[in-house]
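This report covers salt bridges and helix packing in a predicted model. The structure is shown first, and the notes follow.

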Amino acid sequence: MPIARPHITQKERLRSYAAIFSSSSFAHLLRTCDFDFINSKIARYDQNKLGTKFTTYSEYIRYVYNQLKRDYRCEYIYKNEIINELLLKKYGTLNTVVINEFKVGRSVADMVLFNGTSKAFEIKTELDSERRLSGQLNDYTRIFRECYIVTHESLIEKYQSTDENIGLIAIMKHGRTFHMEEVRKATINSSIDADILIRSIRTQEYKNIVISYFGELPKTTNFQMYNACLEQMKNIPTDALQHLFITELKKRASNTQSLNTYVKELRQLCLSMKITPKQYLQLDNILSQTIKI
Amino acid sequence: MYYPYLRGKQFELLALREFAEFYSANCNIFPIIEPVKKSFNSLTTAFQKMQEKGISFSIILNPQNGELINDYRSIETFIKNDLIDLNNCRPTFIVNNRNSRYIINKIEELELKNIILICQDNVDTENPDFNYLVERAECELILINGDNRSLRRRLNRIGKVIVRLDDKFNSQKKNSDYINIPEERFTEEHRCYEEDGFNGFADYTVLGSDFIEGGRLPYAVAMHFTYEKNADEIWVRHFVSDTNDDNTNIQGKFGEAAAKAVSFFRSNSINSHAIEELTSYYTSGQYPGLGVLKKLSIKHHLELINSILSQSV
């Protein structure tokens, strides 16, 4: 007897949902109010739930987000839950700057945070491979005070064997909800590598660090300034350099303080798009519209 | 006449402004500008300067790149409000295989005259709308790909002014790729276009035809300057920094690349306002920013072509 093949697999549907949380699509939406990138998903997967499970776009986004959170935890879910569960519930945003995709030497940290200390988060979802992990973490530990791997509870064991100075954070299932828990605390790293640091920050930032400590810039041309500043930074004691690094990075323009006023499914998107409170009102307005296909 | 095709971005427009400052008296350059930004400030100042200096230019009313793709209305508003003297400004359309009817309607609605058309490679020459469009008397000047001989023949027969538009810049993926190509031939159209039956030549200068928005900090700094290598050919020389292992120390990399450029120009006695400016940044140890670097290579190229065309007239 012929078996009816399901038209679309569950995995394809979820992967397709994950693509909704893209900054370029939302930037386009803000510019043009064009819902195509969402409407196409509704039309393909969820037409029959329209009017019962959701009627507005923000309700649909919540629906999709919860599906992903339950069954397809992609990087977006992890990043967004770091904001919801760790930043807002645990660390607090007062005097804090969170940055997405922060370059460290030749690696890029998924998410970093500066308040009184500096933390780097490396996300390892259940959909990732661990291929590049050791190299990346090695770079992070050379300038950040605390480094964490953020992963799913089912993978914790696998990462227990990594460098034990690296902290471990797990997404855990609690009844019907999920939350994030620190499984192993990171050891505070008291060293800092000026070579990696200067390659990770902006020109004005390393200049400011040198000026703050020595009172002036080395006397040389702009073309030699980088090397001259690097030499100077190597002479700054590590605790002072760590402190100057954190102070400088906290000056970066950031909407970290506003994140708690944004809808909880879209906070990571708002962070990476640097959405201002004013733009957020506009976005909120657009998304509160009733779905029209 | 040379028709450089430039996108209406800050440093492209700055290059035009500064070029206009020096060369209005003897100008063989007719810039074609595709607006790509929602903000018209840089366009306004560049256009004012060119109008003040009597340099003609074209503005594309249906850009195919950037922020204005579906926002032609704001270009129309801009033209009505800010371009008082339309004598110097030629309305221009990009023609593809679908929009001939739209363009005809626009020409009628806005009562446009002295129109320039830029034919993309996919125009369907059998399409009646397309033929009606190009045959209209208002459409005087038409840019086509230099290789499209059948289209050229067709347009020749109906007495149009035809300019060839080719991408002469051989873009590499990464700036550091230019290290292996110290120089290459850029164009010989300035000597050949008339012989080949064209009324002018156009290209995308040393930027190439790809529209690139923003971009990350590069690992290598590369500057592209054209020069007349022999009586018939213009070549482009690529000057690239040496320490290209990551994207830090952009100032130092600029210094490395500028040293090579300045020494090349000096030993070959090549000069222009743009080269003077580059040399002064270099000798005073200043890093002007990548945008200025782009401005300089465009400005230098316009100066070079203009001086060649002025001599041959």
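## Salt bridges in chain B

Lys299(B) and Glu18(B) form a salt bridge, with 2.7 Å between the closest N and O atoms; the term requires a side-chain nitrogen of Lys or Arg within 4 Å of a carboxyl oxygen of Asp or Glu. The two residues are 281 apart in the chain, Lys299(B) in helix α10 and Glu18(B) in helix α1. Lys299(B) is buried at 4% relative accessible area, where buried means under 20%, exposed over 50% and partly exposed in between (1.4 Å probe, protein chains only).

Glu108(B) pairs with Arg136(B), the closest N and O atoms being 2.8 Å apart. Glu108(B) is partly exposed at 41%, whereas Arg136(B) is buried at 12%. A salt-bridge network links Arg164(B), Asp166(B), Lys168(B), Glu189(B) and Asp196(B).

## Helix α9 of chain B

Helix α9(B) spans residues 273–283, and its buried residues include Ile275(B), Leu278(B) and Tyr281(B). Helices here are DSSP runs (H or I, at least four residues), strands are E runs of at least two, and both are numbered from the N terminus. The buried residues of α9(B) pack against α10 of chain A, and against α1, β10, α8 and α10 of chain B; contact means heavy atoms within 4.5 Å.

## Basis of the values

Residues are numbered from 1 along each chain as its sequence is written, and chains are lettered from A and ligands numbered from 1 in the order in which they are written. In this predicted model local features need pLDDT of at least 70, side-chain atom pairs count only at pLDDT 80 or more, and totals for chains, interfaces and linings use all residues, while side-chain values use heavy atoms, leaving out hydrogens and water.
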